[in-house]
Amino acid sequence: MPPALACIRSQGRTKTMYRYDQYDHQMLADRIAQFRDQTQRFLAGQLSDAEFLPLRLQNGLYVQRLAPMLRVAIPYGMLSSTQMRKLAFIADHFDKGYGHLTTRQNIQFNWPALADVPEILAHLAEVEMHAIQTSGNCIRNTTTDQFAGVAVDEVEDARAYCEIIRQWSTFHPEFAFLPRKFKIAVCGTQQDQAATQVHDIGLYLLKNENNEIGFRVLVGGGLGRTPVIGSEIKAFLPQEHLLSYLDAILRVYNREGRRDNKYKARIKILVKETGTSAFRDKVEKEWQLLKDGPLTLTSAELERCRAFFHDPDYKALPAQSSALETALNTDVLFAAWYEQNTSAHKKTGYAIVTICVKKTGFAPGDLDSDQMRFIADLAERYSFGEMRITHTQNLVLADVEKNELYNLWQALKTRDLEADNLGLLSDMICCPGGDFCSLANAKSIPVAEAIQRRFSAQHLREIGQLSLNISGCMNACGHHHVGNIGILGVDKKGEEYFQISLGGSADHNAALGKIVGPSFSQDEVPDVIDKIVNVYQQHKAPGEKFINTYNRLGMEPFKEALYGNKSDDHTTD
Amino acid sequence: MTTRLIKNGTLVSDTWVLLGAATDRDAVAMMHDRDVIVPLSFWLSEQDLISSRPSRTAVWLNSNETPDAIAGSLDKLALVALNFPEFKDGRPYSSARELRQRFAYSGEIRAIGDVLRDQLFFMRRCGFDAFALRDDQDIDIALSAFNDFTDAYQPAIDQPLPLFRRR
């Protein structure tokens with residue numbers, strides 16, 4: 001490739017992200033041409049709805065209640081300022097000026113026209129973005145902890161492995177028509193903010209006694225109608241075998257996963273029906289054929305991929321920042337935001353900032369195009385031009401100097417981005433719900449807002465860390481099973497009702513919530529949450545988080561508060 | 001009726017007769033001078049009849065049937081057909097790769113059933129080398145499918161090395 005072209009083509013990403021070479025660019029160009037042709041044949045009546053369906057889904061295109069929905073991939077959540085500006089451009093020119101952050105660290109647009117989609121994909125390709133395999137029964141976007149590479153407690157940076165998996169899974173010829181969708185998460189941090197255990201495959205990076213890098217491999221986790229925590233099938237998979245082992249798992253699943261019933265088609269059902277040990281044996285048998293073959297990762301490839309994710313040009317800074325200390329002592333609102341929305345950084349003098357996209361009165365995870373451009377500018381000014389999307393639908397600026405935090409916060413305030421509720425009850429995961437989605441039983445966004453309005457900032461802070469997740473139907477896009485409090489929209493004789501579960505968790509101690517009892521009407525939900533929180537606050541030991549109090553007390557006192565003695569029904573209605 | 005078959009990147013006339021799942025001895029006997037593709041159940045139960053035929057006999061596997069069922073006979077099979085009951089059924093992709101990879105089968109692997117233009121590229125990568133298109137498919141449009149992508153990340157039958165070993 002001539003140097004001038006190489007220069008143009010490397011635009012779109014920062015020098016600490018994976019950057020496309022001519023192969024990656026060609027792959028995208030070919031894909032756009034292919035999808036343009038498919039769309040034209042569909043519009044000309046040469047492809048039936050049923051035949052076009054998986055083709056458009058594998059390009060991120062759903063048909064929703066009001067319009068198509070296009071889901072754009074943000075591989076492992078990493079995004080540059082240039083890419084963010086392109087998303088803002090697409091929101092303005094092909095949508096109604098906003099986008100929605102998803103639990104797969106992607107972004108979706110709710111209003112594009114079908115015929116425009118090939119054009120949108122071409123725009124995305126200019127900044128090394130796409131919508132490949134963001135939907136459909138194939139391997140989806142690989143996700144990771146949003147603090148990868150900057151967390152203080154990291155075993156190993158997961159992003160290089162995520163990129164290796166991205167390439168392996170992109171247009172995998174054998175696994176484009178799986179029984180059902182397939183999600184992989186890789187986690188290299190101690191804390192696990194990636195919900196790794198509820199993925200079809202969850203990979204924990206670790207080091208063995210010889211300091212060699214490998215993975216603990218879990219399979220068969222997932223949410224949806226039948227939530228399951230993944231089971232370990234390999235305690236330590238040396239890193240060079242990553243792809244051959246994934247190939248083996250996928251082949252067993254492709255062959256044996258159920259295709260007779262959509263609701264029993266995920267790998268979690270296969271693992272349950274087969275038994276973990278028998279499933280492991282099948283994978284091992286397949287793996288023997290592939291192990292040490294061409295898919296074995298070479299040290300050159302591992303080095304090549306790791307090299308992209310090097311540290312940015314950090315300054316040598318003192319641990320304490322006097323600018324920060326002064327601001328903390330003089331501005332209580334800033335201090336509140338600092339306390340809640342910043343996290344420790346591996347590099348002295350830096351902080352990780354999470355912009356909480358959960359301000360009351362705004363749909364959770366929605367960003368308008370002005371905010372997108374504004375955040376892109378802030379990322380360039382304060383965080384090396386990069387940001388990350390979190391699976392909780394927020395945005396991270398990973399490398400902010402402590403000296404600059406006050407300036408950053410003041411800037412965020414000018415665009416309604418200063419919400420200081422990160423990790424609190426009002427920082428909910430929430431699906432688009434019945435306002436947009438044709439699958440939903442209920443509208444989730446108004447419920448989220450009613451709950452947000454119920455609690456004052458001070459009350460939220462007193463309650464402390466508590467995850468509340470809302471799904472508009474049992475497909476569980478809002479991860480309600482793993483919220484400390486989960487809310488599920490259900491249909492009760494044509495009316496929208498909400499079922500409450502307690503005790504879920506998505507971290508290293510992943511747990512599935514249990515349903516409290518009969519469901520509630522929409523109007524009742526804020527009261528119900530208030531009562532649950534009251535029980536916690538009455539019983540909590542000093543400093544005890546909601547989830548720990550719940551685990552200590554069990555369901556009974558919560559149930560008592562919600563139903564009195566009326567209900568002894570443990571199951572859903 | 002002759003099948004519209006793509007092989008080696010071109011439309012070829014084909015003489016094999018595909019016999020359906022309900023094939024019995026009489027049907028095969030009537031075809032004694034024709035090359036036939038029989039279902040797996042027939043292949044497994046009627047070896048005496050098959051070995052006495054003057055013409056060639058091949059076998060087709062449905063998507064729920066696996067190549068190990070015919071592992072012992074692959075050296076005498078000129079052709080194995082893999083059926084797509086519907087195009088969304090991804091199992092035959094794995095069967096084709098297993099035939100090539102695990103069993104080192106070098107004869108023809110033919111895609112039959114719901115074989116559509118937009119799946120041909122992946123089929124070829126997995127080791128299919130003959131494609132009996134569904135009747136309504138446009139041949140010229142279908143032939144262009146093999147050029148959908150210039151390269152690929154993964155190793156497969158058409159390219160045994162992953163891109164990371166070549167880039």
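Trainee: What is the mean pLDDT of chain A?
Mentor: This is a predicted model, and the mean pLDDT of chain A is 93, with 96% of its residues at 70 or more.

Trainee: And where does pLDDT stay under 50?
Mentor: In chain A that happens over residues 1-9, where the model has four contacts beyond four places in sequence. It also happens over residues 568-573, with seven such contacts. Where pLDDT is low, the predicted coordinates should not be read in detail.

Trainee: Good to know. Changing topic, which domains is chain A divided into?
Mentor: Domain 1 covers 3-126, domain 2 covers 150-307, domain 3 covers 322-413 and domain 4 covers 429-563.

Trainee: How far apart are the C-alpha centres of domain 1 and domain 3 of chain A?
Mentor: They lie 27 Å apart. The contact takes 23 residues from domain 1 of chain A and 21 residues from domain 3 of chain A.

Trainee: Which elements give two or more residues to the domain 1 side?
Mentor: Strand S3 (78-80), helix H4 (81-94) and strand S4 (98-101) of chain A. H4(A) provides the largest share, seven residues. By class, that side has ten nonpolar, eleven polar and two charged residues.

Trainee: Zooming out, how many helices and strands are there in chain A?
Mentor: Chain A has 19 helices and 21 strands. Its radius of gyration is 23 Å, close to the 25 Å that the globule rule gives for 573 residues, so chain A is as compact as a globular protein of that length.

Trainee: And what percentage of the residues count as buried?
Mentor: In chain A, 56% of the 573 residues do.

Methods:
Residues are numbered from 1 along each chain as its sequence is written. Chains are lettered from A and ligands numbered from 1 in the order in which they are written. This is a predicted model: local features need pLDDT of at least 70, side-chain atom pairs count only at pLDDT 80 or more; totals for chains, interfaces and linings use all residues. pLDDT is the predictor's confidence in each residue, from 0 to 100. Two residues are in contact if their C-beta atoms, placed from the backbone, lie within 7 Å. Domain bounds come from an automatic or database domain assignment. Helices (H or I, at least four residues) and strands (E, at least two) are DSSP runs, numbered from the N terminus. Ala, Val, Leu, Ile, Met, Phe, Trp, Tyr, Cys and Pro count as nonpolar, Asp, Glu, Lys and Arg as charged, and the others, Gly among them, as polar. The radius of gyration is taken over C-alpha atoms; the globule rule is 2.2 Å times the number of residues to the power 0.38. A residue is buried if 20 or more other C-beta atoms lie within 10 Å of its own, exposed if 12 or fewer, and partly exposed in between; C-beta atoms are placed from the backbone.
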